[in-house]
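Okay, thanks everyone, let's get going.

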Amino acid sequence: VRTCDWYLVRARRAAGGEKGVAEHVTDSADIGSALARIRSSNVGEVDLADEYTLLANCCCNPEACSVGAGEIGIMLDAVQHASDEVTQWQALRALANFCQSSSSRQSAVRNQLTDASIFNCLASENEAIVQKAAFFACNLCTSEVPRGRMGEALHVRLVQALKNANEDMTAIFASAALANALTEQSAAAAAEAMPRIIECLPQAAYIGQWGEWTAGCCRNFMMVASRSSVEELESAGLGEALAEMLEPNEQSDRDKIFSHASVSAIADCVSWAANKSSGLARGFISARGLTWLAGHTSTTCADSPFACCQAISYVMRSGSSRPPQDSRTLNELASLFNSYEAAGSRRKRERGFIAKALLELPDSLLSRMRLSRSALRAVKEEHDRYLKDAQAMGMAKLSLSDD
């Protein structure tokens with residue numbers, strides 16, 4: 001089973017220029033011979049791990065290797081009937097790779113799903129199988145969720161896999177799959193899995209993609225869940241966990257790998273949290289989330305700060321608590337507004353969001369920051385005329401690459 005520590009060690013070695021050990025090596029590179037042996041053998045009786053490993057490798061670029069819809073059946077068969085878990089794992093890897101970033105291939109796989117038991121692998125006692133099944137489920141649902149009983153079975157298995165996950169890495173992978181599978185009809189059941197996802201958010205902040213997947217799942221849940229379900233996330237500590245995800249490395253001697261994509265995904269989640277629940281905004285502010293978010297706005301996301309500025313605006317306007325008083329946060333906000341004002345039309349949207357946030361401050365603080373309430377109000381009114389707020393954001397759609 002893959003653990004968070006395993007991936008973190010690999011990431012640190014790669015950052016240091018060290019080449020990793022080649023994985024998924026096969027005895028042969030002849031996919032034609034491998035497919036012929038698969039078709040002529042009973043996957044439940046013969047060791048076909050090498051052949052399915054090669055097939056999974058080829059599915060990373062199926063067109064170049066002439067792997068198409070005709071091979072879907074043998075992949076699905078191995079998931080359900082393989083004689084060993086290595087073959088089953090590689091068959092799931094093949095399906096995940098085959099589905100990735102292609103709505104037509106995803107549709108072809110969905111069309112061949114005739115039995116919801118294909119998702120039973122999400123309930124395997126071997127957590128490595130559950131992890132790779134989550135890869136398949138995520139990539140299968142990027143463009144469309146299976147309908148009817150097939151979709152219901154997938155959702156039930158995902159929720160249960162998350163609740164049973166011993167490894168944080170399993171929960172992180174499964175959160176990406178759940179993010180793609182969420183609908184208004186399934187949100188109530190998904191609420192049972194959210195505490196496990198929130199529990200691993202601080203760990204997910206260490207690698208950018210993990211932050212995107214987990215924050216994207218929390219955001220999608222809040223977009224389709226009832227207000228009462230969202231408010232239940234307060235007791236699970238979502239606001240505080242989102243703040244911890246953004247905490248800079250120098251603050252606690254950590255080595256998180258921040259990226260524009262990951263911070264923007266977290267910021268989008270913060271926008272929805274503050275928009276849906278003042279309690280979530282209050283938790284975010286109390287854990288210094290606003291300070292960390294403002295810092296990322298001018299650093300990690302300086303080239304494209306829209307998501308961060310929108311989140312700052314929503315948090316400040318949530319009515320959740322008294323406005324921030326610390327000099328660091330106030331100076332960051334004033335600096336952002338002044339820099340965007342100097343940038344003119346290029347930062348018009350961002351300036352409007354920061355103006356709305358600053359208008360929540362009392363006159364005494366605005367005076368200390370040398371800002372005019374009337375000038376801020378004029379920027380806000382202009383902003384209101386041309387920009388829709390966070391409700392216009394669509395659901396986050398995620399994809400898991402071969403590991």
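So, to start: which helix is the place of Asn249? That's helix 16, residues 249-252. Before I go further, keep in mind that this is a predicted model.

Back to Asn249, then. Is Asn249 buried or exposed? Its relative accessible area is 18%, and with the cut-off for buried at under 20%, Asn249 counts as buried. Now look at what the side chain is doing. A polar atom of the Asn249 side chain sits 2.7 Å from the backbone nitrogen of Lys256. There's also the backbone nitrogen of Asp255, which lies 3.5 Å from a polar side-chain atom of Asn249. If you leave out residues up to four places away in sequence, Asn249 touches Arg254, Asp255, Lys256 and Phe258.

Next one, Arg196. You'll find Arg196 in helix 11, residues 194-199. At 10% relative accessibility, Arg196 is buried too, as the cut-off is under 20%. And which backbone atom lies 3.2 Å from a polar atom of the Arg196 side chain? It's the backbone oxygen of Ala165. Again skipping residues up to four places away in sequence, Arg196 is in touch with Leu162, Ala165, Asn166, Glu167, Asp168 and Ala171.

While we're on burial, let me show you helix 15, residues 238-246. Seven of its nine residues are buried, so helix 15 is largely enclosed by the rest of the structure. The buried ones are Leu238, Gly239, Ala241, Leu242, Ala243, Met245 and Leu246.

Okay, on to helix packing.

Pair one is helix 13, residues 208-224, with helix 17, residues 260-276. Their axes are 8 Å apart, at an angle of about 20°. That makes helix 13 roughly parallel to helix 17, and the crossing is left-handed. From helix 13 the contact residues are Gly208, Glu212, Ala215, Cys218, Arg219, Met222 and Met223. Facing them in helix 17 are Ala261, Ser262, Ala265, Ile266, Asp268, Cys269, Trp272, Ala273 and Lys276. By class, this contact has ten nonpolar, two polar and four charged residues.

The other two pairs share helix 22. Helix 20, residues 306-316, crosses helix 22 at roughly 20°, and their axes come within 8 Å. These two are therefore roughly parallel to each other, with a left-handed crossing. On the helix 20 side we have Phe306, Cys309, Gln310, Ile312, Ser313 and Met316, and they meet Arg349, Glu350, Phe353, Ile354, Lys356 and Ala357 in helix 22. That contact splits into seven nonpolar, two polar and three charged residues.

Then there's helix 21, residues 327-343, against helix 22, residues 348-358. What's the angle between helix 21 and helix 22? About 145°, with the axes 9 Å apart. Helix 21 passes helix 22 in a left-handed crossing. Leu333, Leu336, Phe337, Tyr340 and Glu341 make the contact from helix 21, while helix 22 brings in Glu350, Arg351, Ile354, Ala355 and Leu358.

Okay, that's my tour, happy to take questions.

Methods:
Residues are numbered from 1 along each chain as its sequence is written. This is a predicted model: local features need pLDDT of at least 70, side-chain atom pairs count only at pLDDT 80 or more; totals for chains, interfaces and linings use all residues. Side-chain values use heavy atoms; hydrogens and water are left out. Axes are lines fitted to C-alpha atoms, for helices over the stretch in contact, and angles run from 0 to 180 degrees between N-to-C directions. Helices (H or I, at least four residues) and strands (E, at least two) are DSSP runs, numbered from the N terminus. A crossing is left-handed if the near helix is turned anticlockwise from the far one by less than a right angle, and right-handed if clockwise. Contact means heavy atoms within 4.5 Å. Angles under 35 degrees count as roughly parallel, over 145 as roughly antiparallel, 65 to 115 as roughly perpendicular and the rest as oblique. Ala, Val, Leu, Ile, Met, Phe, Trp, Tyr, Cys and Pro count as nonpolar, Asp, Glu, Lys and Arg as charged, and the others, Gly among them, as polar. Buried means under 20% relative accessible area, exposed over 50%, partly exposed in between (1.4 Å probe, protein chains only). A polar contact is a pair of N or O atoms within 3.5 Å; within protein, one must be able to donate a hydrogen and the other to accept it, and residues adjacent in sequence count only if both atoms are side-chain atoms.
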